[in-house]
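Here is a short report on a predicted model. It covers the nonpolar cores first, then the aromatic rings.

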Amino acid sequence: MSATDSAVLAAVDLGASSGRVITGRVTAGRVDLTEIHRFANRPVRLPEGLRWDIHALYTGILDGLKAAGEVDSVGVDSWAVDYGLLDADGHLLSAPVHYRDTRTDDVPEQVWQTVPAEQLYARTGIQHAPFNTLYQLVAAQRTAQASIASRLLLIPDLITYWLTGEQGTEVTNASTTQLLDARTGNWAEDIARPLGIDLTLFAPLRAPGDKAGTLLPDVLQQLNWQRQVPVTTVASHDTASAVAVVPAGRKEHFAYICTGTWSLVGLELSSPVLTEASRLANFTNEAGIDGTVRYLRNVMGLWLLQECMRDWGDDDVVGLLREAASAKGLRSVIDASDTAFLAPGLMPRRIAQACSAAGQPEPVTRGQITRCILDSLALAHRRAIEQAQQLSGRHVDIIHMVGGAARNRLLCQLTADASGLPVVAGPVEAAALGNVLVQARALGLVGDVPQMRQQVADSQPLHRYEPSGDRAAWDAAARRISG
């Protein structure tokens, strides 16, 4: 790449609580981001259940792209597992179901009667989560929509289809459905068939870097753009995009924590870990860029704090973190991986009750509850990293924390203290950076993944936290959770 080569690329990055359109200017050795438009992602509770407001998201995307002006390429990433169903004319049948909807509450146990949990894991390598796409499809089988659906598109593929008119299923997101063979990367017919799941509903698989199409004339008209613009397939699971640009050195033995509504905590491997011990520890093997495996565990993440703030009607996160820093550490802790905290509503009360049930003091003030959440997340991060090393046989000497919580200095320091490992925090917009750099690589502007990571390390602000404090106190707190 010569010093004069550059491109401006648009990343559509959809998270569980907000969406963003971010442009990235890629030049020799640098990538610089500009946030163009940020918009809320607010689910709606309809009589039939919890749904994504996908049309509002699409409007936010178009508004952001229009504000960005003409770019050289567009890529789309989002959260995983959820999907839209299309009829034979290619029209969306209804708003996509939200993964926190209750329709799958009893479905896993039904599925396991036909395909045992051990068999599911041995083939797909995907953790048990009640909202996995497989369980959603089984839950939907008797609905009128399922009987007339001609196509299923995962959320980023649905947005890409609306932009281009072309249909595909990007592999990093497809891997989270619990319907992809972890070893071959192909659909697991022997899993789907006994469950009555028709895999022909899915569009053909495509990989990060593949051309997804060009913007439709109608889209160009809405954006007031004058030339055809390609849409590039990126690592469309936002975590896969984020992990692709973790700013680790070529020889670093690193763990990553991709933070936001969830904390995704794990290692990058060359092959899946499909042992029974791994299944019982509920680790997942999701597809990463260039055939890598994202071996990780889902931890509840900042969802816990977001829900508390919603309950309190308080959006002053800086003030809450200040109060949490002043509160007594490790006074009360919870298991931040517990699915009991998955559903929305009354989160402060549920956290207090969980502490009381475990024989610990109930956190009462907002500062105490916030500190309980952050201490508990640090412990969950520590536990996941320790277990990932044990189960994979891989050693870790540093943690890279990327995503929204990379700017949460207290959580970063607590994670370093709990784990006894240094934490390098940043970049915050890791998913958008991964999105942009995969587009740049497709255009020949950047090389392999190590070069992408070095470009991020050279151009993005990073902060290092060294472990400190009383390790024995963290050990004792961990024992309180494990019993």
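The largest nonpolar core of this predicted model has 114 residues. Those with the most contacts inside this core are L65, I159, L163, L215, L304 and I351. Helix α15, residues 366-392, gives the most to the core: eleven residues.

Take L304. Leaving aside residues up to four places away in sequence, L304 touches I334, A336, F341, M347, I373 and L377. A second core is separate and has 27 residues. A140, A174, A192 and L201 are among them.

Now the rings. The structure holds eight aromatic pairs. Two of the pairs involve W52 and are set out below.

| Pair | Centre to centre | Angle between planes | Geometry |
|---|---|---|---|
| W52 and W79 | 4.1 Å | 35° | tilted |
| W52 and Y99 | 6.0 Å | 50° | tilted |

Both pairs link distant parts of the chain. W52 sits in the loop between β5 (49-51) and α1 (54-68). W79 sits in the loop between β6 (73-77) and β7 (83-86), and 27 residues separate W79 from W52. Y99 lies in the loop between β7 and α2 (107-114), 47 residues from W52.

W52 has 0% relative accessibility, so W52 counts as buried. Y99 is at 7% relative accessibility and therefore also counts as buried.

Ring pairs join W52, W79, Y99, F131 and W262 into a cluster.

R100 lies over the face of W303, at 3.5 Å from the ring centre.

Methods. Residues numbered from 1 in each chain as written. Predicted model: local features only at pLDDT ≥ 70, side-chain atom pairs only at ≥ 80, totals over all residues. Heavy atoms only, no water. Core = buried A, V, L, I, M, F, W, Y, C linked by side-chain atoms within 4.5 Å. Buried < 20%, exposed > 50% of the residue type's maximum accessible area, 1.4 Å probe, protein only. Helix = DSSP H or I, 4+ residues; strand = E, 2+ residues; numbered from the N terminus. Contact = heavy atoms within 4.5 Å. Phe/Tyr/Trp six-rings, centres within 6.5 Å; stacked < 30°, edge-to-face > 60°. Lys NZ or Arg CZ within 6 Å of the ring centre and 35° of its normal.
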